[in-house]
Amino acid sequence: MDGGNEIVSGPRLIEDGEWAGWRTWAGLDPFEDQTGPFYFREHDGKVRCAFRAEPRHMNGGGFMHGGCMLTFADFSLFAIAWRELDNAKAVTVSLNGDFVGPAKAGDLVEATGEVVRAGGSMIFVRGLLSTGGQPMLTFSGVIKKIWTMGGPA
């Protein structure tokens with residue numbers, strides 16, 4: 001378990017700027033805060049995550065670094081499953097990804113996906129990162145609830 005993306009309280013709603021109406025967990029994960037910020041919102045029961053690619057997200061070839069894509073995919077696991085998490089503390093136990101396309105600085109990078117199965121303490125998620133309608137990364141992962149409001153999961 002990576003210990004990252006631990007959820008200890010609900011997401012914060014952004015009220016102004018480019019991301020008004022979106023939510024984030026900024027301030028809970030120092031690595032993610034350094035890489036992001038990342039955002040998500042829900043519409044008609046579907047979650048969409050997004051962030052704006054910056055020069056600091058690029059690799060030596062001028063395209064988005066794979067580590068940045070996977071960090072955003074990890075954030076997206078939790079955002080896609082946020083209703084099932086119900087404010088439980090949780091960690092990523094598995095994250096798999098296949099790189100299928102690039103992004104460059106200035107691109108809006110988005111993630112969509114679905115909860116495949118949500119059990120008592122495990123949540124299985126799959127999704128897709130894209131930019132400009134073009135796929136960048138397919139991913140799947142498993143989240144484990146480690147603590148709920150009533151005690152250990």
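This is a predicted model: local features need pLDDT of at least 70, side-chain atom pairs count only at pLDDT 80 or more; totals for chains, interfaces and linings use all residues.

The protein contains three helices and eight strands. Read from the N terminus, these elements follow the order β-β-α-β-β-α-α-β-β-β-β.

Among contacts with a separation of 6 or more, 59% join residues 24 or more positions apart. The exposed surface comes to about 7,800 Å², of which carbon and sulfur atoms supply 52%.

Let us now consider helix H2, which covers residues 66-80. Its 15 residues reach 20 Å from the first C-alpha to the last, close to the 21 Å expected at 1.5 Å a residue.

Is this helix enclosed or open to the outside? Twelve of the 15 residues of H2 are buried, so the helix is largely enclosed by the rest of the structure. Among the buried residues are Cys68, Met69, Phe72, Phe75 and Phe78, together with Asp74. The run from Thr71 to Ile80 belongs to the buried set as well.

My last point concerns serine 76, a member of helix H2. Because its relative accessibility is 0%, and the cut-off for buried is under 20%, serine 76 counts as buried. Which residues does serine 76 touch, leaving aside those up to four places away in sequence? They are Cys49, Ala111 and Phe139.

Note on methods. Residues are numbered from 1 along each chain as its sequence is written. Side-chain values use heavy atoms; hydrogens and water are left out. Helices (H or I, at least four residues) and strands (E, at least two) are DSSP runs, numbered from the N terminus. Contact means heavy atoms within 4.5 Å. Accessible areas come from the Shrake-Rupley method with a 1.4 Å probe; for residues, only the protein chains shown count as cover. The expected span of a helix is 1.5 Å times one less than its number of residues. Buried means under 20% relative accessible area, exposed over 50%, partly exposed in between (1.4 Å probe, protein chains only).
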